[in-house]
Amino acid sequence: MTQESNQKLQKYLSQEFEMKDLGALKYFLGIEVARSKIGIFLSQMKYVMDLLIETGMLGCKPTDTPIEMNHKLCEDIDWLPANKE
C-alpha cells in the first residue's frame, strides 16, 4: 500500500470512526510484532513472562509437551470419520 493510499484510507476511516494513528504496530492483545527484511514475526514471550511472574511460577522448570509430536489418536489407519448426515 502506498503512502498516499494509506492516507486516503485513514482519512476515510477517521470520518466514520474515532481513531488515532499510533504508528507502526509493536504490541497488540498480548502479541509482540517485530518486522524485518525477512518478514513479520509474532511472539507472546512478554505475555508468557508476565503470566509466569503474576502466578509466581517464573522459577519453574520447563518441560516437554505432554504429548508426542505427530501422535495418531486412532490406531486403525483405515478408519473413516462417521457420516454426519
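Which residue in the turn between strand 1 and strand 2 has a positive phi? I opened my notebook with that one, keeping in mind that this is a predicted model. The residue is Leu 29, with a phi of about 50°. Its turn belongs to a hairpin in which two residues sit between strand 1 and strand 2.

**Entry: overall layout**

I stepped back to get my bearings. I found two helices and three strands in the protein. Reading from the N terminus, I noted the order α-β-β-β-α.

**Entry: strand 1 with strand 2**

I went back to the hairpin and looked up its pairing. Strand 1 covers residues 27–28 and runs antiparallel to strand 2. I found two bridges joining this pair. For a landmark, I wrote down Tyr 27, which stands opposite Glu 32 in strand 2.

**Entry: strand 2 with strand 3**

Next I followed strand 2, residues 31–35, over to strand 3, residues 40–43. These two are antiparallel as well, and four bridges join them. They also make a hairpin, here with four residues between the strands. I looked up who faces whom: Glu 32 is opposite Ser 43, and Ala 34 is opposite Phe 41.

**Entry: Asp 21**

I then turned to the loop between helix 1 (3–16) and strand 1, where Asp 21 lies. Is Asp 21 buried or exposed? I put it down as exposed, because its relative accessibility is 56% and the cut-off for exposed is over 50%. Its side chain has a polar atom 3.0 Å from the backbone nitrogen of Gly 23. I also checked Asp 21 against Gln 10: eleven residues separate them in sequence, and their C-alpha atoms are 8.4 Å apart.

**Entry: surface**

**Entry: recap for my next visit**

Technical notes
Residues are numbered from 1 along each chain as its sequence is written. This is a predicted model: local features need pLDDT of at least 70, side-chain atom pairs count only at pLDDT 80 or more; totals for chains, interfaces and linings use all residues. Side-chain values use heavy atoms; hydrogens and water are left out. Two strands pair if DSSP finds at least two bridges between them. Buried means under 20% relative accessible area, exposed over 50%, partly exposed in between (1.4 Å probe, protein chains only). A polar contact is a pair of N or O atoms within 3.5 Å; within protein, one must be able to donate a hydrogen and the other to accept it, and residues adjacent in sequence count only if both atoms are side-chain atoms.
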